[in-house]
Amino acid sequence: MLTLHFAPNTCALASLIALEESGLAFEVKTVDFAVSEQRSPAYLEINPKGRVPALATDRGVLTETPAILAYIAQVTPERRLAPLDDPFAFAQLQAFTAYLCSTVHVAHAHFRRGARWSDDPAAQETMRAKVPQNMAECFGLIEATMPAGPWAMGEAYSVADPYLFTISGWLKSDGVDIDGFPRVAAHRARMLERPAVARALERAAG
């Protein structure tokens, strides 16, 4: 049994959707950010980074969304959640999820987590003011470079899709209109039609 350590309104939603798509048996344990449970000694024993998601497996705990998504795809090859038989295509998928993780998520985090980078309130405010521009630029690149096809990587659905869905859901709170990116908006609408996404959103709502 896998255990996903999860918090609502975080990138952990991508892993939750991927697990729902995978057919694997798993349970979800919610980490209460409102009381800083992610920094509690008990949770830091699970994930010393103090972040979500963390996926507990029979071989240990995995962290970082791109790694968890790749793991889910690799342990359920029959679900075809990644192009595992094509090293180049799989690397392209990993490049996309790495971009979401290392660039887009970081741009978003400057709105609420500026204290990670500066103790100066004025600098933090400058970071917040820059978020709409940075997020719009990130999604402009995604919009322009997404391959033809209904999904993030083209014709085949993959674990990249829950990740794109999750982060595109942050655009409104970042002051960016998703309608300015029609391909991304259409992708989001298609995702909302998937039963696994509905199940994940229901779980996430508690």
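Student: What pattern does the protein follow, read along the sequence?

Tutor: The order is β-α-β-α-β-β-α-α-α-α-α-α, where helices (H or I, at least four residues) and strands (E, at least two) are DSSP runs, numbered from the N terminus. Bear in mind that this is a predicted model, in which local features need pLDDT of at least 70, side-chain atom pairs count only at pLDDT 80 or more, and totals for chains, interfaces and linings use all residues. Residues are numbered from 1 along each chain as its sequence is written, and side-chain values use heavy atoms, leaving out hydrogens and water.

Student: Why is the pair Trp-151 and Tyr-157 called edge-to-face?

Tutor: Rings of Phe, Tyr and Trp (its six-membered ring) pair if their centres lie within 6.5 Å; planes under 30 degrees apart are stacked, over 60 edge-to-face, the rest tilted. Here the centres are 5.1 Å apart and the planes stand at 90°, so edge-to-face it is.

Student: And what makes Phe-139 and Phe-181 tilted?

Tutor: Their centres are 6.3 Å apart, with 50° between the planes.

Student: How do you know that the charged end of Arg-190 sits over the ring of Trp-151?

Tutor: The test wants NZ of Lys or CZ of Arg within 6 Å of the ring centre and within 35 degrees of the ring normal. Arg-190 counts as over the Trp-151 ring, at 5.9 Å from its centre. Arg-194 also lies over the face of Trp-151, 5.3 Å from the ring centre.
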